[in-house]
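We'll go stop by stop.

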Amino acid sequence: MSNPKDRFPNDYSAKPYGPALRWYTVTPHNTNPVPARPIFMKCTVAGNLRIINDEGDDVTIPVVVGEEINARPTIIHTDTTATIVAFW
């Protein structure tokens, strides 16, 4: 698996600092990483969000419209039913 673009590649603080400069609507995939690792994500259509980090930790969480998700996943799995916009 290749690594996605990351504005904060060695920053493992609770949340990276600074505003998002770009964003994209997430296209889930089981093995391909996101094109750019988000600073945060926002839910635009409610559902479940299944995310996997670079260490392989896998979690599915329910999300509602307008919810901000402070996570920096490497993969957003196709089991995701929510629509998510990633900011980076």
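Start by selecting T60: at 46% relative accessibility, T60 counts as partly exposed (buried means under 20% relative accessible area, exposed over 50%, and partly exposed is in between, with a 1.4 Å probe and protein chains only). A quick word on what you're looking at: this is a predicted model, where local features need pLDDT of at least 70, side-chain atom pairs count only at pLDDT 80 or more, and totals for chains, interfaces and linings use all residues. Residues are numbered from 1 along each chain as its sequence is written, and side-chain values use heavy atoms, with hydrogens and water left out.

Back to T60, which sits in strand β4 (strands are DSSP runs of E, at least two residues, and helices are runs of H or I, at least four, numbered from the N terminus). Show what T60 touches: leaving out residues up to four places away in sequence, you'll find N48, L49 and R50 (contact means heavy atoms within 4.5 Å).

Now select residues 47-52 and 58-63. These are strands β3 and β4, antiparallel partners joined over 6 bridges (strands pair if DSSP finds at least two bridges between them). Where does I52 find its bridge partner in β4? Look at D58. The two strands make a hairpin with 5 residues between them, and G56 in the turn has a positive phi of about 90 degrees.

Next, pick T80, in the loop between β6 (75-76) and β7. Is T80 buried or exposed? It's buried, with a relative accessible area of 10%. The T80 side chain reaches the backbone oxygen of H77 at 2.9 Å. Setting aside neighbours within four places in sequence, T80 is in contact with P28, N48, L49 and R50.

Time for the rings. Searching the whole structure turns up 2 aromatic pairs (rings of Phe, Tyr and Trp, using its six-membered ring, pair if their centres lie within 6.5 Å; planes under 30 degrees apart are stacked, over 60 edge-to-face, and the rest tilted). Select W23 and F87: their ring centres are 6.0 Å apart and their planes at 45 degrees, so this pair is tilted. W23 lies in β1 (residues 23-25) and F87 in β7, so the pair ties together parts 64 residues apart in sequence. W23 is exposed, at 55% relative accessible area. W23, F40 and F87 make up one aromatic cluster.

On to the inside. The largest nonpolar core has 16 residues, and those with the most contacts inside it are Y24, M41, L49, V63, I69, I76 and I84 (such a core is a set of buried Ala, Val, Leu, Ile, Met, Phe, Trp, Tyr and Cys residues joined through side-chain atoms within 4.5 Å). Strands β2 (40-45), β3 and β7 (83-87) each supply at least two of the core residues. Zoom in on Y24, whose contacts beyond four places in sequence include V34, P35, I84 and W88.

Finally, zoom out. The protein has 0 helices and 7 strands, and 39% of its 88 residues count as buried.

Conventions:
A polar contact is a pair of N or O atoms within 3.5 Å; within protein, one must be able to donate a hydrogen and the other to accept it, and residues adjacent in sequence count only if both atoms are side-chain atoms.
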